[in-house]
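Please find below a colleague's note on the model, arranged as numbered points.

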Amino acid sequence: MHITRIDRLNQIIFGLFGLSLCVFKGGMYLFPVLLFITFFILKPKNMMQDEMMKKIIFISLATFSVGFLSQLVNLQFYSDLGFYTKKAIFLFLIPVLLFFLKDKVNQKMLFGGFVVGLVAANIYCYYLFFHSHFTMSESLVDSFWDILRWREILTFSLCLSIPLLFHKNRKIKLLALLLILFCIPSVIFSGGRVVYFSVVISVIAYFALLNRDKIKHFIVFFVILSGLIYFVPNPVFKAIDHRIGSIFNTESNYSNIGRIHMYKEGVIFIYDQMTTHPRRILFGMGEKGFNKEFVQYLKQKGKYEHLMEITSRQFSVRDQHNSLLNTLSKRGIFYFILFYSLILFIFFKTYQSAVLGDIFSQSALILLVGYFSIGMLYGNAFSFDTIIMFTLWCLFFSIKDNYKTEQKDSVDEETDYINKGDL
């Protein structure tokens with residue numbers, strides 16, 4: 001097969017893009033733009049032959065267009081329009097990635113870059129922890145990304161690695177195990193409650209939906225691990241127990257108290273806007289527009305100072321800490337319906353492959369579960385986290401396709417050999 005300069009350029013771009021997922025925020029814009037440029041140079045003509053690709057392209061373009069028009073219809077700040085255009089890049093990135101990742105070399109470059117970046121980010125996290133004054137129980141250490149994004153990267157990495165532990169290939173099993181062991185100290189150092197919450201939900205979903213034969217082993221392991229964490233006086237177990245216990249503390253943990261009030265007031269605010277200013281919810285208010293309207297609403301109702309006081313100022317008026325509420329308020333109902341239609345379509349397509357036993361599809365599916373779980377606690381539907389998640393989903397879903405193709409080619413070669421022998 002002839003390798004062109006564009007092909008080699010793409011391989012380099014994918015390697016650097018994979019690396020940047022864990023270490024370089026600017027890569028979230030730079031490398032997708034470079035991929036778009038090479039995509040338009042190549043002008044692929046066979047993309048629309050794939051029914052799944054055709055639907056993803058249609059929903060992605062419709063979602064972007066509706067979101068852009070919604071911002072124009074209800075525009076309060078011009079910066080919100082620029083913010084939307086910049087952040088919605090992932091909607092164009094999905095079909096482009098699926099096209100380029102049909103190439104096995106591109107897959108290896110993206111995966112290799114991601115693994116190298118993940119290892120580097122973990123090492124940097126270790127370095128920051130050992131040069132800090134934190135104990136394990138109180139540690140809040142980030143890495144190259146801010147602490148929330150770093151916790152999400154750790155969650156995605158663990159979600160992807162867990163199904164790979166059951167792959168038939170020993171090298172893949174070993175790699176998955178090493179990545180999990182490498183990430184665990186960073187989970188503890190980052191104080192990532194969201195990691196524990198999301199990974200537990202993802203693991204339960206994995207064994208309940210895809211690996212029921214091993215569910216008894218998982219329960220035994222979970223009971224033993226829980227016993228060790230709760231009863232053994234070890235600083236590592238104590239740190240984990242402290243973080244997990246804080247998830248359910250709604251009496252003295254102001255972060256949790258603030259989050260509960262954010263959900264409550266967020267739902268009330270959306271209902272109020274639907275009845276008094278339906279246009280704001282139909283088309284969304286944008287980032288700054290939402291902040292302005294929400295603060296004004298809370299002050300008019302006499303709630304603002306009270307909420308700040310009872311939550312020790314842990315109540316956010318910029319983010320509702322829930323993906324569904326955030327999307328409804330800031331992007332509007334029309335964008336909400338299309339975006340989550342895209343997510344559900346991808347989820348069910350992945351599930352169809354995963355239940356057939358494809359390990360890479362199982363990793364991609366559990367990645368989506370982890371992403372949804374994080375979205376219950378944070379507004380992650382329109383941030384760098386979404387670009388990272390969709391990039392990793394495209395990678396693992398594409399590996400699935402190539403893995404099946406390799407198996408088919410191997411069977412075809414064997415059949416040809418037998419037929420020639422018969423002749």
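## Notes on the predicted model

1. Aspartate 385 counts as buried, at 2% relative accessibility; here buried means under 20% relative accessible area, exposed over 50%, and partly exposed in between, with a 1.4 Å probe and protein chains only. Aspartate 385 forms a salt bridge with arginine 149, in which the closest N and O atoms are 3.3 Å apart. The term salt bridge is used for a side-chain nitrogen of Lys or Arg within 4 Å of a carboxyl oxygen of Asp or Glu. This pair links distant parts of the chain, since aspartate 385 is in helix 19 and arginine 149 in helix 7 (residues 147-164), 236 residues apart.

2. On the basis of these values, the model is a predicted one, in which local features need pLDDT of at least 70 and side-chain atom pairs count only at pLDDT 80 or more, whereas totals for chains, interfaces and linings use all residues. Residues are numbered from 1 along each chain as its sequence is written, and side-chain values use heavy atoms, with hydrogens and water left out.

3. Glutamate 265 and lysine 303 also meet through their side chains in a salt bridge, at 2.9 Å from N to O. Glutamate 265 lies in helix 12 (residues 254-276) and lysine 303 in the loop between helix 14 (287-300) and helix 15 (304-310), so the pair ties together parts that are 38 residues apart in sequence. Glutamate 265 is buried, with a relative accessible area of 5%, whereas lysine 303 counts as partly exposed at 23%. Salt bridges that share partners also join Asp146, Arg149 and Asp385 into one network.

4. How many salt bridges does the rule give? The count comes to seven, and one of these is formed by lysine 54 with glutamate 51, the closest N and O atoms being 3.2 Å apart.

5. As to the overall fold, the protein has 19 helices and zero strands, where helices (H or I, at least four residues) and strands (E, at least two) are DSSP runs numbered from the N terminus. Buried residues make up 50% of the 423 residues in the protein. A contact means heavy atoms within 4.5 Å, and among contacts between residues at least 6 apart in sequence, 75% join residues at least 24 apart.

6. The largest nonpolar core has 120 residues, of which Phe17, Leu35, Phe90, Ile94, Phe339 and Trp393 touch the most other members. Helix 19 (residues 384-422) gives the most to this core, with 12 residues. A nonpolar core is a set of buried Ala, Val, Leu, Ile, Met, Phe, Trp, Tyr and Cys residues joined through side-chain atoms within 4.5 Å. Residues up to four places away in sequence not being counted, phenylalanine 17 touches Gly27, Met28, Phe31, Pro32, Leu35, Leu93, Leu97, Leu110 and Thr391.

7. Which residues line the largest cavity? They are Phe111, Phe114, Leu118, Ser157, Leu160, Ser161, Leu164, Leu179 and Phe396, and helix 6 (104-130) and helix 7 are the elements that give two or more residues to this lining. Helix 7 provides the largest share, four residues. A cavity is, on a 1 Å grid over the protein atoms alone, a set of points where a 1.4 Å probe fits but cannot get out, and lining residues have an atom within 4 Å of a point. The count comes to one cavity of 30 Å³ or more, and about 60 Å³ of space lies in the largest cavity.

8. Asparagine 106 has its place in helix 6 and is buried, with a relative accessible area of 5%. Leaving out residues up to four places away in sequence, asparagine 106 touches Asn10, Gln11, Phe14, Phe100 and Leu101.

9. Phenylalanine 334, in helix 17 (residues 333-354), is partly exposed, with a relative accessible area of 38%. Neighbours within four places in sequence aside, phenylalanine 334 is in contact with Val66, Leu282 and Phe283. The C-alpha atoms of phenylalanine 334 and leucine 282 are separated by 6.4 Å, although the two residues are 52 apart along the chain.

Methods
On a 1 Å grid over the protein atoms alone, a cavity is a set of points where a 1.4 Å probe fits but cannot get out, and a pocket is an open set with protein on both sides within 12 Å along at least five of seven lines; lining residues have an atom within 4 Å of a point. Grid points are joined across faces, edges and corners, and a volume is the space filled by probe spheres set on the points.
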